Amino acid sequence: MKPDTHPNYHSIKVVMTDGTEFTTRTTWGKKGDTMHLDIDPKSHPAWTGGHQQLLDRGGRLSRFQKKFAGLGLEKKEGDAPAKAEKAEAKGKKK
């Protein structure tokens, strides 16, 4: 095997947003470095299930909502689900 083909794998300290710390092994940084997290599983809405408020910066959000308003998943009266129609069509072909 060629020498120096693998990166330097070492221990660092990770500091979470609430101040808790743990040690892990990684190729990031140098041995003994500290990684401070801005977002972690204890605070990010993806893991906590929290709802983040959308901010309208320069009208971007309102333009997006106006542009894609008709593409919602709302059901209209009398509309059958598309999957059910496709399933019926496949059943008739056989």
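Let me start with accessibility: a residue is called buried under 20% relative accessible area, exposed over 50%, and partly exposed in between, with a 1.4 Å probe and protein chains only. What you see is a predicted model, in which local features need pLDDT of at least 70 and side-chain atom pairs count only at pLDDT 80 or more, whereas totals for chains, interfaces and linings use all residues. Residues are numbered from 1 along each chain as its sequence is written, and side-chain values use heavy atoms, with hydrogens and water left out.

Now the overall picture. Of the 94 residues in the chain, 9% are buried. If contact is taken as heavy atoms within 4.5 Å, then, of the contacts in the chain with a separation of 6 or more, 7% are between residues 24 or more positions apart.

One of the buried residues is His 10, which has 4% relative accessibility and sits in strand S1, residues 10-15. Which backbone oxygen does the side chain of His 10 reach at 3.2 Å? That oxygen belongs to Asn 8, while a polar atom of the His 10 side chain also lies 2.9 Å from the backbone oxygen of Trp 28. Leaving aside neighbours within four places in sequence, His 10 is in contact with Thr 24, Arg 25, Thr 26, Thr 27, Trp 28, Gly 29, Lys 30 and Lys 31.

Let me move to the aromatic residues. The structure holds one aromatic pair, where pairing requires ring centres of Phe, Tyr or Trp (its six-membered ring) within 6.5 Å, and planes under 30 degrees apart count as stacked, over 60 as edge-to-face and the rest as tilted. Phe 64 and Phe 68 have ring centres 4.8 Å apart and planes at 50 degrees, so the pair is tilted. Phe 64, which is found in helix H2, residues 60-67, is partly exposed because its relative accessibility is 49%, and Phe 68, at 35%, likewise counts as partly exposed.

Terms used: Helices (H or I, at least four residues) and strands (E, at least two) are DSSP runs, numbered from the N terminus. A polar contact is a pair of N or O atoms within 3.5 Å; within protein, one must be able to donate a hydrogen and the other to accept it, and residues adjacent in sequence count only if both atoms are side-chain atoms.
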